Amino acid sequence: MQNLLFAALVAAVAFAFYRYLTRDARLKQQALQAEFPADWRQTLQQRVAFYLSLSAPDKQRFERRVQVFLAQTRISGIQTEIDDVTRVLVAASAIIPVFGFPDWEYANLSEVLVVPDAWTLKRDPNKEFVGLEGTLLGSVQGFQTSHYMRLSKASLEQGFQDSLDRQNVGIHEFAHLLDEADGQIDGVPGLALPAALRPEWEAVMQREIAAIRAGNSEINDYAGTNEAEFFAVVTEYFFEKPEKLQEHHPELYGLLLLAFRQNPKSRFLKWATDPRQWLQQLRSRRKFGRNSPCPCGSGKKYKECHLAEQEQAA
């Protein structure tokens, strides 16, 4: 009898462990079998310029990856309400930097904590280690083998409100996770950048950081903090205003093309109307030309495509 009970206990533990190991795979399968919600697509169409710049097949691929991310990732609100708009914007922030990696999943992310606004951390004079301090819009902190991301809801929304200001806190923080995937947050994305290019990347990075610290660069000063912040800041720049990054920093831009395996500049500029400017026009409540080509990629005029949908949402 005792042997049977012991065998049953072992079987139950083994089954529970198996369920734990296969959890993400099961959630992924369930997510991919579900239809993409219409309100999620509307959020992407009205807020995410990167999504608008994609071809129709790539839009579908982006949507599937959003579904998988949201199925596998816990997003919690701390003293703030979390709705589907916030969740989709977090997912978009996660997918944009790794869209060039078809099978990429954030295995090192346990939870995203969304807080109402920026917060302030003061340095503890009793601690020798100097960690995060000052006014923060987002952060990634590790605990044992997992990482927790903290994002300001206001800053997350602002990052998608202006797609031309070279700042997006969501993309910034997920760039840190991409950087850390090789075990270190050091500004060298080891799993993204080919090994042969790492010496060149480090040389360019140090030269650019020196220029920032000397006041001889238009890259955000925060990039001069350290190598990790440099990578995260230029990642924002690369996905928000790639044509300017290429103009001012061609060598850096070329290396980022290879690291991210995608070309946002060619996507944005292939449309008759730049999707980033189109979103700005919608937000400022200026009318978009009824006969203009719709930047969703359908090939139809705006009045025959998304005009009615945008008027309904206004």
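Mentor: Begin with the whole chain. This is a predicted model, and buried residues make up 44% of the 314 residues in its protein chain. The chain exposes about 16,500 Å², and carbon and sulfur atoms supply 50% of that area.

Trainee: How many helices and strands does the protein chain have?

Mentor: The secondary structure comes to 15 helices and six strands. For contacts between residues at least 6 apart in sequence, 63% join residues at least 24 apart.

Trainee: How do I read a strand, β2 for example?

Mentor: In a regular strand the side chains alternate between the two faces of the sheet. Then count the residues under 20% relative accessible area, which are called buried. In β2, residues 109-115, five of the seven residues are buried, so this strand is largely enclosed by the rest of the structure.

Trainee: In which sense do β1 and β2 pair?

Mentor: Strand β1, residues 74-77, pairs with β2 in the parallel sense, over four bridges.

Trainee: Which residues of helix α14 are buried?

Mentor: Helix α14 spans residues 275-283, and its buried residues are Pro275, Arg276, Trp278 and Leu279. Around the axis they cover an arc of only 160 degrees, so they lie on the same side of α14.

Key
Residues are numbered from 1 along each chain as its sequence is written. This is a predicted model: local features need pLDDT of at least 70, side-chain atom pairs count only at pLDDT 80 or more; totals for chains, interfaces and linings use all residues. Side-chain values use heavy atoms; hydrogens and water are left out. Buried means under 20% relative accessible area, exposed over 50%, partly exposed in between (1.4 Å probe, protein chains only). Helices (H or I, at least four residues) and strands (E, at least two) are DSSP runs, numbered from the N terminus. The arc is that of the directions from the helix axis to the C-beta atoms. Two strands pair if DSSP finds at least two bridges between them. Contact means heavy atoms within 4.5 Å. Accessible areas come from the Shrake-Rupley method with a 1.4 Å probe; for residues, only the protein chains shown count as cover.
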